[in-house]
Each structure stands twice: as C-alpha cells, then as structure tokens.
Amino acid sequence: MTDTTSTRSALSFEVNRRPDPAQAETIAKVHENPGFGKTFTDHMVVIDWTADGGWANARVQPYGPFQLQPAAAVLHYAQEIFEGMKAYRHADGSVWTFRPEANAARFARSAKRLALPVLETEDFLESLRQLVAVDKEWVPDPGESGEKSLYLRPFMFASEAFLGVRPAKEVTYAVIASPAGAYFSGGLKPVNLWISTQYARAGAGGTGAAKCGGNYASSLAGQLEGMEHGCDQAVFLDSSTHTYIEELGGMNLFLVYKDGRIVTPELTGSILEGVTRGSILELAKEEGLTAEERRVPIQEWKDAAASGDLSEVFACGTAAVITPVGELRWEGGSCDHRRDGHEDTIATKLRTKLLDTQYGRAEDTHGWMTRLA
Ligand SMILES: *Cc1c(COP(=O)(O)O)cnc(C)c1O
C-alpha cells in the first residue's frame, strides 16, 4: 500500500506500510516487559540526502536492514550522529514528546560538528510524527511503573561508498522506534560509578558536545574498566588535567548539597548538553534550590562526601530520566551516597515532576510538550 501525505514540513513523506504488521497480542507481549532497545516497531522513516539534490525521498517504510556498500564512509570514518527521545501516551490516548525542538536544535549542532547536512527542525519533527502515526499502537500505556514509553532514535550517517577522507556527498537520515521500560534493569536502583583515570571520553576541540556514535565508542573502554571494578558506569574527567568532572558515557551528573545547592558541570565544549540536564536546572530553581553550573573538581565530590555536606548525587538523561548514584569508586578508595527510603530525595522529587509532565499527569507549565499523534 502506498499513499502520499502532505505535511507542514518542506518534505512530502511517502508511506509504505508493511503488509504483515505485528498483531495486537504480539505488541502487548512486548509492552509487558519492553526492556530497552531490544524490539523495534513495524516501520522506520528514511530520508536520503545528496550534495547535489539535498533532502529527498522522505518515506515511511517497513523496519528492516539497510543496503550498505562495504565502502560506506560511516563504517570507516564514523561520520554519524543521533538523538534520543521518547513518545509518551497520555490517559486520553494521545501521544506526546518532550521538548523536541531542543533535540532538533542539538541534532543540527551535531550535524555541523560532524560535517553532515542539517535537517530543518520542521522536517525533524515531521519525521517523528510520521513514524508515530503509523506505529501508534506501539506506544505503550505508562503501566504500573508509570514510565513505559516508545523510545525514538533519529540518526544520520555517511552512506556514500568512498574511502577518501572528506565529508560524504551521500547521507542517510532515519528514525527507528523501540518500546522502553526502565533503562537500567532493576528499576530505580542506584548506579555505582568508577572514576576513569586511564581514559577520557572527549577532549577540548573534539566532538564531546555533539551526540555522535564516536563518543560512545570512545567511552566503552572506560566503562569496561569500571565494570572490572564492580561498577555500572564510568565518570569521565576533563582530558587535559583529569581534575574536573565532566559526565558519564551517556548521562549528565548533578551533585546535591545539604545547604540546598544543586551543582552540575558547566558546558565546556566537551560535555553533551542534555535536555534533561537543562530541564532539571529549571525545575530545581522552582523548587527553591540554588542551581550552579560551574567546573566541579573531582576532589570536591570526594571531600563533600567525606564531610557529609553532600546529600545526593544523580545522573540524568532521556533514557533513564534520573538515576541516583550509589557508590563512587576509584583506585584505592570509594565513597557512598546510598540513601535509605528514597522517597524524600531531591532526585525522586525532580524525577516525579519530570515524569508527571511527560505523561500529562501534571500541568505542562513550561510548554515543554508537543503532540505527535
Ligand atoms: C544523550 C546524552 C546525554 C543526555 O542527554 P538528554 O538530552 O538528557 O537525553 C548526556 N550525555 C551524553 C554523552 C549523551 O550522549
């Protein structure tokens, strides 16, 4: 079946539905225990770009493998970027997403840094609407946990078959979607972090502020090092002095002090500007906390934990929302931030506020929500 829909964006999407979409029972089974990034919906969006013709062939098509030449530039030089967002089902059945303009703007910044073409905000948003319109049944009800969603993964890569080193003249943009439960198995369990001294995730002038696959590739050895020390994730420090906290491989960090300060590393150019991070800074101020964005020495963290001035540490990002940090470990030492009875923590309070807004359980006083379907 093929039909063409006109859109608000400059692009016109052709819709090619798969003849054998998943049955309601199959989807219900996935929704029971979605995990994270394991099962994908029936369709995906694909848009082609060429240096000569710009964006073209916008389409929704059955989810399935790409045909890619072995010489495709992305496989050799990692010219690739992505985004991570969620579609939330509200009680009346409508489907919404959170601050998508911020993701579109970041995707455009990432594209510029990786010498990829910019996809206009309206086209980016339309690509999400198109996919969710066709795969709406895949957006779960929030469920008992109150936080099931459909994870949306827009991405763009150099598909030109050419081994010379220059920005690709053929690029592919796509969006895939996957039902999501809690990101870390075991729910709101605190994560233990390892201070990586051997590895950095990004350096000055590098791609740390861009959401690109290369940053994740370079964070994996640090994460492995952490896992070898019994931790879930690594904390990366600034690459030149190994003195200041930057972030985790895929999440930003916040320290909460007993005196009501909430501190996160300032954006130095090697830290990813999280949408969750920015939203937490706004919500924290409304909660009467003093929000600080500045350089945070790792020694400050250790000292404040030892003195008792530090009350909480948490990590944040779209996938896991807010996750409390349990232990911080390093070569020859550790400190613990575990709190019994999580209910009254700042992390839980902010987390609930965010989730209630996202699922339409609280009024969207910031105009953060956009309806997709
Ligand atoms: C995506 C990402 C985050 C979190 O960003 P959100 O917009 O809050 O999801 C943090 N750090 C890195 C390295 C990331 O890639």
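Analyst: A residue is called buried when its relative accessible area is under 20%, and exposed when that area is over 50%. The model discussed here is predicted. Glutamate 80 has a relative accessible area of 17%, so it counts as buried under the 20% limit.

Glutamate 80 belongs to strand β5, which covers residues 80-82. Leaving aside residues up to four places away in sequence, glutamate 80 touches Val74, Leu114, Leu116, Phe155, Met156, Phe157, Cys212 and Gly213. With one of these, glycine 213, there is also a polar contact: a polar atom of the glutamate 80 side chain lies 2.8 Å from the backbone nitrogen of glycine 213. Serine 159 is 79 residues from glutamate 80 along the chain, yet the C-alpha atoms of the two are separated by 9.7 Å.

A kink of about 30 degrees is centred on leucine 220 in α5. The buried residues of α5 are Asn215, Ser219, Gly222, Glu225 and Gly226, and their cover includes β10 (191-196) and β11 (233-237). Just after α5, glycine 230 adopts a positive phi of about 75 degrees.

The ligand is the next feature to consider. It is surrounded by 15 residues, and the closest are Lys211, Tyr216, Glu247, Thr276 and Thr318. The side chain of tyrosine 216 places an N or O atom 2.5 Å from an oxygen atom of the ligand. A nitrogen atom of the ligand lies 2.5 Å from a polar side-chain atom of glutamate 247. Methionine 251 takes part through its backbone, with an N or O atom 3.4 Å from a nitrogen atom of the ligand. On its own the ligand has 380 Å² of accessible area, and the protein covers 97% of this.

Thr276, one of the closest residues to the ligand, is also among the buried residues of helix α6. Helix α6 spans residues 275-286; its twelve residues reach 17 Å from first C-alpha to last, close to the 16 Å expected. Following α6 is glycine 288, with a positive phi near 85 degrees.

Note on methods:
Residues numbered from 1 in each chain as written. Predicted model: local features only at pLDDT ≥ 70, side-chain atom pairs only at ≥ 80, totals over all residues. Heavy atoms only, no water. Helix = DSSP H or I, 4+ residues; strand = E, 2+ residues; numbered from the N terminus. Expected span 1.5 Å × (residues − 1). Buried < 20%, exposed > 50% of the residue type's maximum accessible area, 1.4 Å probe, protein only. Bend = angle between axes of the 7 residues up to and from the residue. Contact = heavy atoms within 4.5 Å. Near = heavy atom within 4 Å. Polar contact = N/O pair within 3.5 Å; in protein donor to acceptor, adjacent residues only side chain to side chain. Areas by Shrake-Rupley, 256 points an atom, 1.4 Å probe, with all protein chains shown as cover.
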